[in-house]
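Thanks for making the time this morning.

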Amino acid sequence: MNQVNIQYLKYDEIDQTKWDECMVNASNSLVYSQPWYLDKVCDVWDALVVGDYEYVMPITYRKKLNVFYLYQPIFCQQLGIFPTPTKEIVHLFFEELLTRFSFAEININATNITIAELQTEDRHNFLLPLNLAYSQLVEGYSKHTKRKLKKAEKNKLSYISNLSITEYLQFKKENAVVSLAKQTFMRLHNLLAFTTSRNMGQIYGVYTKENQLCAAVFFVRYKKRVTYLNAATSSEGKELNAMYFLIDRFIEEHAEKEYTIDFEGSMVPGVARLYEGFGASSEIYYHVHWNNLPPYIKWLKK
């Protein structure tokens, strides 16, 4: 690629077929970068495209006070450039973005190298390949996790792999740490409905011995990556170590398969400890931020 030609394409100008071909062949493609996924988590999105879809980048933006700015959509951990870009490509993409957007807070994927001129922060994702036998995977569990599982086994919990959308959403509503806004709840519902109807999404649950739902996780599968996309636990479930029980059962069910669990990571130490405790390893992706707004509207972020 001697001369790099970057196009900014509005949503209705994007060639969906070529986009899909790019993603199929991109080793770093993610479920978040699929057009159907972006349609469900964004009101609108555009794209930067190099050549004949040799490199692409979804552009997720909003408008406030007549200013367009970049943001990271809900249920969308990271985006960035696909496939894995060269340093030159990264610089060219961000030069283009800086000319178009005065403000940004976005996450770019682990294969996108950071740019010294921009403010970036490391973020931690946690990945666990499941290609080993279950007994070998258990050897990678921490002592803390093994203790939690021993306690969970005594609680006579039961596990199912086909929890209904209705039951999951009701449980989520009742046990969310922070109440979900109506629009956020609708986006989650749309993701659940679309992925489960196409055998890409599945909801797993754990019940108490009294048959009360106490923990649940919504997993989405794309290629060989199974993303721990959304979860909920009741106060009783926390006491019973139900989430430890659920993840362990999921690992046992999928052991010796060419899948990798993507736990999505967490900056919360206790949550990170949960994922690491199952033998997951950290993968760094990047939060990129800039604020070139005029002084009188720099409070836009707030």
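This is a predicted model: local features need pLDDT of at least 70, side-chain atom pairs count only at pLDDT 80 or more; totals for chains, interfaces and linings use all residues.

Let me start with Lys172, which is buried, because its relative accessible area is 9%, where buried means under 20% relative accessible area, exposed over 50%, and partly exposed in between, with a 1.4 Å probe and protein chains only. Residues are numbered from 1 along each chain as its sequence is written, and side-chain values use heavy atoms, with hydrogens and water left out.

Lys172 is found in helix H6; helices (H or I, at least four residues) and strands (E, at least two) are DSSP runs, numbered from the N terminus. What does the side chain of Lys172 reach? The side chain of Lys172 comes to 2.8 Å from the backbone oxygen of Ala231, which is a polar contact in the sense of a pair of N or O atoms within 3.5 Å, where within protein one must be able to donate a hydrogen and the other to accept it, and residues adjacent in sequence count only if both atoms are side-chain atoms. Setting aside residues up to four places away in sequence, Lys172 touches Leu180, Leu188, Asn230, Ala231 and Ala232, with contact meaning heavy atoms within 4.5 Å. From C-alpha to C-alpha, Lys172 and Ala216 are 8.4 Å apart in space, although 44 residues separate them in sequence.

That brings me to the largest pocket, which holds about 1300 Å³ of space. Of the 39 residues that line this pocket, the closest to its centre are Lys172, Ala231, Ser266, Val271 and Tyr275. On a 1 Å grid over the protein atoms alone, a pocket is an open set of points with protein on both sides within 12 Å along at least five of seven lines, whereas a cavity is a set of points where a 1.4 Å probe fits but cannot get out, and lining residues have an atom within 4 Å of a point. Grid points are joined across faces, edges and corners, and a volume is the space filled by probe spheres set on the points.

Which element gives the largest share of the lining of the largest pocket? That is S10, with 6 residues, and among the other elements that each supply at least two residues are strand S6 (119–129), helix H6 (165–175) and helix H10 (269–276). By class, the lining of the largest pocket has 22 nonpolar, 12 polar and 5 charged residues, with Ala, Val, Leu, Ile, Met, Phe, Trp, Tyr, Cys and Pro counted as nonpolar, Asp, Glu, Lys and Arg as charged, and the others, Gly among them, as polar.

In the loop between S10 and H8 we find Ser234, which counts as buried at 9% relative accessibility. A polar atom of the side chain of Ser234 lies 3.0 Å from the backbone nitrogen of Gly237, and, not counting residues up to four places away in sequence, Ser234 touches Phe171, Asn175, Leu213 and Cys214.

Strand S3 (residues 55–64) is largely enclosed by the rest of the structure, because 7 of its 10 residues are buried. S3 pairs with strand S2 (residues 45–50) in the antiparallel sense over 6 bridges, where two strands pair if DSSP finds at least two bridges between them; Leu48 stands opposite Met57 in S3, and Met57 is also among the residues that line the largest cavity. S3 also runs antiparallel to strand S4 (residues 67–70), joined by 4 bridges, and in the hairpin of S3 and S4, with 2 residues between the strands, Leu65 takes a positive phi near 50 degrees.

The second largest cavity, at about 30 Å³, is lined by Leu30, Val31, Tyr32, Tyr222, Arg225, Thr227 and Asp262. The backbone oxygen of Leu30 also lies 2.7 Å from a polar atom of the side chain of Ser33, and Ser33 is buried, with a relative accessible area of 0%.
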